[in-house]
Amino acid sequence: GFLIADATNAAAEANPDVYFIGIDQFLTEGPTNYVGVQFREDQSGFLAAVLAALVADSIESDTVAGVYGIDIPPVTKFRNGFEQGVAYINPDITALGVYIDDFVAPDRGASAAEQFIGEGASVIFGAGGPTGTGGILAAAQQDVFVIGVDQDEWVTSFGGGETPGSELIISSDVKDVDEG
């Protein structure tokens, strides 16, 4: 991931006969055995927002929200795309959002989602690893629509329909890291 780019570079330099692929890592220079793979989170975030805004419009809501992980480029791109997509569909919809400085804090993600629900959010976008997943699980269990990220969260986080609230996940924004 993005946060271990320096360690990946050092490992590649120390092991020239091993190939390294850094997910969400960007390099302009580096060892020939190390390549970074990036994704267009802004584009997929935009499409997730289109869905969120259309759902919000359909239930006459004027607020959606995003629970984001650490403020790093891939997460920022998700957020920027999401907020731009909401504004594209309906500039009267407010897109709330918060960065949480930890990717593995589902309790903090849940707290953020609960706060946004209190502010009228009708759709929660969870883009922050387990932190974002904590947000969407909490929101769905409070009858709020949700959109997951990075994996098919209906299958994983919602147990293929077994977890309470699973009927409220409307999509997942999947980057296809496995294909990268």
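How many residues does helix α2 have, and how far does it reach from its first C-alpha to its last?

**Entry 1, ground rules.** I am working on a predicted model, where local features need pLDDT of at least 70, side-chain atom pairs count only at pLDDT 80 or more, and totals for chains, interfaces and linings use all residues. I number residues from 1 along each chain as its sequence is written, and side-chain values use heavy atoms, with hydrogens and water left out.

I looked up α2 and found 18 residues, 41–58, reaching 25 Å from the first C-alpha to the last. That is close to the 26 Å expected at 1.5 Å a residue, the expected span being 1.5 Å times one less than the number of residues. Helices (H or I, at least four residues) and strands (E, at least two) are DSSP runs, numbered from the N terminus.

I then listed the buried residues of α2: Glu41, Ser44, Gly45, Ala48, Ala49, Val50, Ala52, Ala53, Val55 and Ala56. Buried means under 20% relative accessible area, exposed over 50%, and partly exposed in between (1.4 Å probe, protein chains only). These residues pack against β3 (63–68), α3 (73–89), β5 (123–127), β6 (145–149) and β7 (169–173), with contact meaning heavy atoms within 4.5 Å. Just past the helix, I noted Glu60 with a positive phi of about 55 degrees.

My search of the whole structure gave six salt bridges, each a side-chain nitrogen of Lys or Arg within 4 Å of a carboxyl oxygen of Asp or Glu.

Glu41 is buried at 1% relative accessibility, while Lys77 is partly exposed at 26%.

Next I checked Lys175 and Asp24, which meet at 2.9 Å, N to O. They lie 151 residues apart, Lys175 in the segment after β7 and Asp24 in the loop between β1 (20–23) and β2 (34–37). Lys175 counts as buried at 11%, and so does Asp24 at 15%.

Which residues are linked with Asp24 in a network of salt bridges? I have Glu41, Lys77 and Lys175 down for that.

One more pair for the notebook: Arg108 and Asp101 form a salt bridge at 2.8 Å, N to O. Here Arg108 is partly exposed at 37% and Asp101 is exposed at 58%.
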